[in-house]
Structure formats: structure tokens, C-alpha cells
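Good morning. Please have the sequence and the picture open.

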Amino acid sequence: MFVIINALTSIARSKGRNILMGLVVMAVAAAACVALGIRHAARQAETDGLAQLTITGTISLDRQAVMSQLQSDTTTEASDPGAMGDSLRAALAQYPDLTLDQLLAYADSDRVAGLRYSGSISLDATGDVQAVSTESSTEAADQTVTTGMDQWGGGFGGGAGGPGDFQVFDGRSLGDLTVTGYGSQEAMTEFVSGASQIVDGAMIDLAAADDDCLVTDEFAAFNGLAVGDALTLANPAAADQTYTCDITGLYSNQGSSTTGGSGPVLRFATAQDPANQVIVSYPTLRAVVTLSGDQATTTTDANGNTVSTALSPTIAGTFVFASPADFEAFQQELTAAGLPAVYQLTSTDLNNYEASLVPLRNLSSFAATLLWIVLGVGAVIIVVLTIFNIRERKYEIGVLTAVGVAKPKVALQFVAEVGVVALLALIVGLGVGAAAAPPLADHLLSDQVAQQQAQQTAQEQSFGRPGGSDPGGGNAGGPVLSGGTVGRWPSASQAVAYLDQINASLDLAVVGQVAAIGLGLIVVASAAGVVSALRYDPLTILANRS
Amino acid sequence: MSLISLHAVGYSYDGATEVLRDLDWSFEPGRFHAIVGRSGAGKTTVLSLLAGLATPTSGMIEFDGHDLARMDRYRYRRRDVGVVFQSFNLLPHLTARENVELTLRASGKPIRDKRRAASQRLAQVGLNQELADRRVLKLSGGEQQRVAIARALAADPRVILADEPTGNLDLATQEDIIDLLAASAQEGKCVIVVTHSPEVAQCADQVHRLHAPRLKPTSRRAKRQAPSAPQPER
């Protein structure tokens, strides 16, 4: 009681000194509130974002890794570029795209929540039907007309390669149209995202090999096709092999045949035009591929390579994960399962998500630095103030101990004084910090986002791109050619939707942390006070005073 | 029966400078003791030892039959001894009453209305309500001395120690202060005053003469019998 009364009396008596001490503690508490609020909100936003994120991953061949491996293995051939090229082709041939069976086997893992897969082949239009293409439209009349239902026949189609000819890309023949067979609705990401939608007719049955198909409204209008019509397509490598499907629906695709999001789009084959995409079920596609294999013929080209007319689908498999931890664990499982290291599991979702967090993480890092600086400076100021306070009052210490107040009790009085002042300042600081944290956090975050965007825009402008934004750039599920390249020139960087809002309002966790910081400051200041007070000898103090 | 006794007490600063040697004194309750000696003889040091503010480097001080070195000396100073310092050692930012009240609170004695008790002590030493509410810096030297005495008496200790309580005071105030201390001795307290004033020494029941480095106590009776001023023994 003696200690409390004396402490309160002393606080009331020394208003200036205690107000100064209180202001320092209040500033530290308010700054700590803001910094911790930002960090807490950033963590929360990150966690919430991850919880809402559907994490998908694809396995692809890392050609750079193959090349590096090859270069490290063969030193003698390094000086001969021709021999090196042959070696690289031979090396790449050892690592074919994964088959659907392999993907399904990997998808059996407990870490995988699901597998979305699709297969794509390239076929030629036949008869009067032409692929949507400004370049090939005049040549299309010369195309060979095929006949017969559900059977292969006829000749080569037209398209980018011109009539009577066909392109070979990555060992596969390129036709006018891309036929994609989907294994599930989830794999049809363009439809899931709303970029594509049925505008006439009905969706195909994805589980049935019923020869039904969807074509784009643009393609249908270009060729005068309607729901219910039959569409006959031909193997570009063997024009006599044709396949006919029934159009059950027309769909619109946001991707135009001539323009992309940021201007004209260059394509090196009409089959890559979004308008020339034909959608079937995966069983239908598999039936076509099987039939093609049964009827395949092989020839030997001028280089001595064996060329088959069999259609070889490009399989796009996308694994779905419940969490980033599952994604990482699956990576390890793949290695353990013997998948060569040159195959990589990558996630565009996670990469984009990581990129979207850059401003937030910068802000969080800034907040942490601010917190440490404020705590350090605040602690030093408080300790110095306490020590000066006690030095100034050492006569009082001498008198109190001379009349019998024990030194620990005197020290306790100083601790109580610091504690009461700091506690009051802490409460006020919490209030100030709570009020300031949300708007300050939003302001600082928007600054960070603007900074990142300006940096990205400057980078894009360096590459001659006006806005630096490319909202396209689809991933798995779309029309894919070998190697995972999408049907347009890839942008150097995709537009990132930065996380630009956080809720930095205080909750109990932050209040607890600030209270702990306040307690820490009180302990530091008290320790300084106690050490300082205990080292004074009353007789010496009083003798000096005399 | 002595209340405080010194047995072969010696004291040296830093273990080298000897100030006191072999003091064998005893102080009885109900008596007014004076310790006299020249400046630098160690009078204030003896007072500090008696107050428990310093520890003898040799010998022993007994209080009420207990070795003072083994006692809780904070408690001893809070409850058993009241000290009037030469420079008063009052807290300047407090009023006269607050200074006295502080000692009362520190003593831990069960006094319900400490404010009133402090006022009564101040009135006892001749300070009225108005003076009691003044900050001690605004009081005269004599008034501050009275406050110091009131503070020493506040917790009703058994021993009163006073260091030069009449220094720098006018004659009338000196007499008042001496009367106050003498009255306390008559109430049964053991009053020990360090002084170089012959007038104060003359009023003491017993005078302890200090002459560095060694001295012996002399009684007032012995002093009266002496043909001239007493000389410290060597």
C-alpha cells in the first residue's frame, strides 16, 4: 500500500516527466499496433487467399534441364553444333510426353484431389467446310471432298499449309482444326471461367464415345453450319481417313480469330485459332485415335525417319490439390515414383498467387522493420528516461531508505510508477493504433501496388508493349500444342492481380501482442530502474547532499 | 540497563582511514545523551553507526540485547529509531505534513488517520496547520528543524538520534529544540545528540566525549566535579 500510494503521489507530482514517458510509450504502442496489425492482416489475407485458391499443377518436360544435362555429359561434341543438335534431339526423344495412363496412375496419390485431362489432335476440314482463316479462305475451294459416314477417306485438306500439303510439328501432322476431347467438365476451364459458353444446342456427353461435337459459332457461321449438321474431318497425314461427327451445340469463345486482348495475334497455324476449335468427349477422341492407329501406314522420309499416319494426341493433364502442402508433397512423391528429374511439376496458380502477394509481403516486411526500429528506439528512450529520473531522485531514495524503507520497496515504487504510466499510455496507444491501422495499411499497400505496377509497366514498355497487360494466356485445358505453348506469342509477363486490400483492424491476437510489447518495455524500464535504484547507498547520498 | 551499547566499536573508511577505535559506550532510555568532540572526530560517524546506516568495521553494537548487525536494519530504522539529520534531509517537494506522514506510512504502524497524526506531531513541535501545509523549502531553518524532529518522533521510536540539531539556529530556537529533545527523553526515550555546542552538552544527562582516534565517555557528574572544562582522555 505504501508503495502504491507513494507511486501515485509521485506520478501526480512529476507530471512533465511522466507525460514525456507516456508519450514515448504511446508512440511505441501505436506504431506497434499498426505494424502488427499490418503483419497480422497480411498473414490472414495470405491464408484466406490460399484457402480460396484452387491449386492446379501440370507435369511438363524441362528442356533446359535436358540440354544442361546433355552439355555436362558430352564435352567432346560441344564444338560441333550439328552433332550437338542430333544429340539433343536424341535426348529429347527419350523423354516423351506423359500418357494419360501415367497421369492417371500419378493421380491415384492421396495428395491429389483430382485430375482434369484433355487430349488434342489436329484434323483437316473437308468438303466445303473451311477453317476460319483470312489467308486460306480463297484456297479452300480446291480442297478434296471426302465422303462417307464414320469412315476414313479423301485427301489432304487445306489450311495454313495450303491444299495438298501438311505441316509436321513435333512429330505430329498439323491440320486446319484442333479437336479437343475433354474428360470432365472441370477440365473445360474456358467454360468454367465463363470465357466460353454454349450459345445454341446442347453440351456434349463427356462420358460417351458418341461422335458428338461442339463447334464455335464463328466457325459455324463461316461455313453455314447449324446444330444437327454433320462435320466431316480428315487426317492431315492420310486424307483418305475421315471422321464425321454430329454438331450438338455451338459455343462462343471470347478469343477472336484475328485479335487478342492487346492487338493482332500472330499464329503459325489456323488450327490454333480459337474459332477453329472442335470439342468432343475424351472417349470420342480416343476412338478416333484408336481407329487412326488401326489404319495407319508408315513411310520413310528422305532423312531416313519413319513417319506414321497415325494420329497422336497431345495429352494435357492438370492435377488438382487441396493445399500447397499437398502440391509440394506430390512433387516429392513423383521423384520417389521414379519420374525423371527433367519432368517438372509446376503450378501457374501458385506462381500467380505468389506474384500477387509481392506488394503485401513488401508491406509486411516494411512493417516488421518499422516495428523493430520503433521498439529499439523506444526501449532506449524509456531506459534513458528512467535512469535520468532515478538519478534525479536519488536524494529521495536516500531519505526513504534512511527512514527505513527497504531498497527493494523503493525500487518497487519506481517500477509501479513506470508501470502505471506505461499502462495508461499503452491503452491510449492501442486506441490510436487501432484507429490508424486500417487506413494506414490500405494507403501503404496501395502505394506498394502502384510501385509494382509502375515497375511492371516500365518493364513492358521496354519490350515495346504499350500497356504491359495481357489478360489472356490460358493454361491447362485449352488448345495445347506440344510443350505446353498456347496458341499465341507468349508475353514476357502476365498481368498480375495484386492483392490490394487488407483488413488491418485489431483483433485480440494483435492486442495481446501489443500488450506483451508494452509489458516488455515496462520490464526493461523497470529493470533499469531497479538496478539504478539499488546501487545507491543512503549514507553516501545524504552525505553528498549535506 | 542500557538500550544501546557499543562494544569495542571501531570504524575505518576504505579499510585504511581509521576514524573510531574501541568505543565502549552505553545509552540508557529516558536520558539525554550528548556526543561531543572536535570537527572530524567522528561524531556523525557514530550517529550513522547507531542509526544502522553504517556497520562497524570492528566490535559490535547491541540494541535491546540484540546485535544490530544481525537485525533487519530497515525495520530498526522504521520503528525503533528516529533520526534528525544535520541538514534535515526532508523531501523538498513535499509539505511539512507530507514529510511526517511519509515516515508514518513507512513505519507500518497501525495508525488509522496518518494525516491527523502527522499534524499532531507537527503541532507538538510548534508548527501550526498553516506551516504544516507549506512545502518545506518555504519554511525557515528552525521550522525545518522542527519538521525533522517531528518526523523523527512520528513513529514513536525508542531512540532519537540528532546530528547538530541546533546548528545555525538562533538562541531562542536552539532552546526550543533542546526543550523538545529533553521532553522526549523525559517521556522515556533514549535521546542521543551529536553536538559541538557546549550549551547543548550542558543540558545532557550524559556527555560522551569523542577525541579522535580514541575517547572515553564522561558523565555530567564528573564534568561538574572537574575544576575546568573536561579534556578527553588519551
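Let me start with a definition: helices (H or I, at least four residues) and strands (E, at least two) are DSSP runs, numbered from the N terminus. This is a predicted model, in which local features need pLDDT of at least 70, side-chain atom pairs count only at pLDDT 80 or more, and totals for chains, interfaces and linings use all residues. Residues are numbered from 1 along each chain as its sequence is written, while chains are lettered from A and ligands numbered from 1 in the order in which they are written.

With that, look at Leu206(A). This residue sits in the loop between strand E6 (196-201) and strand E7 (212-216) of chain A. Leu206(A) has 19 other C-beta atoms within 10 Å, so it is partly exposed.

Which residues does Leu206(A) touch? Two residues are in contact if their C-beta atoms, placed from the backbone, lie within 7 Å. Leaving out residues up to four places away in sequence, Leu206(A) touches Tyr182(A), Gly183(A), Ser184(A), Gln185(A), Ser281(A) and Tyr282(A). Tyr282(A) is 76 residues along the chain from Leu206(A), and their C-alpha atoms are separated by 6.7 Å.

Pro236(A) is buried, because 28 other C-beta atoms lie within 10 Å.

Chain A has 15 helices and 16 strands, and 41% of its 546 residues are buried. Of the contacts in chain A with a separation of 6 or more, 80% are between residues 24 or more positions apart. Chain B has nine helices and 11 strands. Its 234 residues are 48% buried, and among its contacts between residues at least 6 apart in sequence, 67% join residues at least 24 apart.

Next, helix packing. Two packed helices are described by the angle between their axes and the distance between the axes. Axes here are lines fitted to C-alpha atoms, for helices over the stretch in contact, and angles run from 0 to 180 degrees between N-to-C directions.

Take helix H11 (residues 358-392) and helix H14 (residues 508-534), both of chain A: they pack at an angle of about 30°, with axes 9 Å apart. Angles under 35 degrees count as roughly parallel, over 145 as roughly antiparallel, 65 to 115 as roughly perpendicular and the rest as oblique. H11(A) and H14(A) are therefore roughly parallel to each other. The residues in this contact include Gly378(A) and Ile382(A) of H11(A), and Ala525(A) and Gly529(A) of H14(A). For classes, Ala, Val, Leu, Ile, Met, Phe, Trp, Tyr, Cys and Pro count as nonpolar, Asp, Glu, Lys and Arg as charged, and the others, Gly among them, as polar. The contact of H11(A) with H14(A) has 12 nonpolar, four polar and no charged residues.

The other pair is H1(A) and helix H13 (residues 407-462) of chain A, whose axes come within 9 Å and cross at roughly 55°. That makes H1(A) oblique to H13(A). Among the residues that meet are Ala7(A) in H1(A) and Val420(A) in H13(A). This contact of H1(A) with H13(A) divides into eight nonpolar, three polar and two charged residues.

Between the chains, the contact takes 15 residues from chain A and 17 residues from chain B. On the side of chain A, helix H1 (2-13), helix H12 (394-402) and helix H15 (538-545) each give two or more residues. H15(A) gives the most, with four residues. By class, this side of chain A has 10 nonpolar, two polar and three charged residues.

Last, confidence. pLDDT is the predictor's confidence in each residue, from 0 to 100. Chain A has a mean pLDDT of 78, with 80% of its residues at 70 or more. Over residues 136-167 of chain A, pLDDT stays under 50. Chain B averages 84, and 90% of its residues score at least 70. In chain B, pLDDT stays under 50 over residues 221-234. The model scores ipTM 0.84 and pTM 0.63.

Conventions. Buried ≥ 20, exposed ≤ 12 C-beta atoms within 10 Å, placed from the backbone.
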